[in-house]
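Hi,

Here is the structure I promised to pass on.

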Amino acid sequence: MGSLLNGPLTERSVHLCIDMQRLFSPDGPWPTPWMERVLPTVARIAERFPERTVFTRFITPERPEDMPGTWRSYYERWRQTTREHLDPRLLELMPPLARLVPPAVVIDKPVYSAFAGHRLADLLKERQADALVVTGSETDVCVLATVLGAVDHGYRVVIVADGLCSSSDEGHDSLLSLYSKRFSQQIETVDSETVLSAWS
């Protein structure tokens, strides 16, 4: 995890931070126990270039009936997370990140992948992004879906291993192994110090 195989990051590289929201903090209905542990690392990367940072937020539906197919039964199981029951403040970014908006940008999404719909793809194209530096929550759910979307779009993907968190230690460890071994041609897995030293 010591060096970036494809060279330093540039002024067109974008920090894509996935779903670091109070919804997944210890206060929320879907707690990711070590979100607070990785938060200072994520904040350091976002603070380096807030104007190059894009935060995503996972926004639950108003009610289960608003979603198609298996999402409907998912939210029947998690009805307390739908917006008719949820405290709207839980959808907000964690406070150290929220204060970086603007110049950082926020993109809301209703499903796991940030590439669902066209908003993120359009923004990255407009910025002529050459790499995505990925942090956030959860390693094995929304981060996974977004990273595979980024690979499909042909982006250079740099995963910050100590800037990711999950509610499943096993899932987190398995996915870091998958990213670094199975996808090593398209995904670089490094630590935050490597990213910060390669992005000036």
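Helices (H or I, at least four residues) and strands (E, at least two) are DSSP runs, numbered from the N terminus.

Before the findings, some housekeeping. This is a predicted model, where local features need pLDDT of at least 70 and side-chain atom pairs count only at pLDDT 80 or more, while totals for chains, interfaces and linings use all residues. Residues are numbered from 1 along each chain as its sequence is written, and side-chain values use heavy atoms, with hydrogens and water left out.

Helices first. In α4 (residues 119–126), the buried residues are Leu120, Ala121, Leu123 and Leu124. Viewed down the axis of α4, these fall within an arc of 165° (taken from the directions from the helix axis to the C-beta atoms), so they line one face of the helix. Lys125 and Glu126 are exposed on the other side of α4. In the loop between α4 and β4 you'll find Gln128, a non-glycine residue with a positive phi near 55°. Gln128 is exposed, at 54% relative accessible area. Strand β4 (residues 131–137) holds Leu132, which is buried at 1% relative accessible area.

Helix α5 (residues 142–152) has Cys142, Val143, Thr146, Val147, Gly149, Ala150 and Val151 as its buried residues.

Now the pocket. I searched a 1 Å grid over the protein atoms alone: a cavity is a set of points where a 1.4 Å probe fits but cannot get out, a pocket is an open set with protein on both sides within 12 Å along at least five of seven lines, and lining residues have an atom within 4 Å of a point. Points are joined across faces, edges and corners, and a volume is the space filled by probe spheres set on them. The largest pocket comes out at about 160 Å³. Its lining includes Asp19, Phe24, Trp30, Tyr112, Glu138 and Cys142. By class, that lining has 8 nonpolar, 2 polar and 2 charged residues (nonpolar is Ala, Val, Leu, Ile, Met, Phe, Trp, Tyr, Cys and Pro; charged is Asp, Glu, Lys and Arg; the others, Gly among them, are polar).

For Cys17, the nearest cysteine sulfur is that of Cys165, 9.0 Å away. Cys17 is buried at 0% relative accessible area, and Cys165 is buried at 0% as well.

Happy to talk it through.

How values were computed. Buried means under 20% relative accessible area, exposed over 50%, partly exposed in between (1.4 Å probe, protein chains only). A disulfide is a pair of cysteine sulfur atoms within 2.5 Å.
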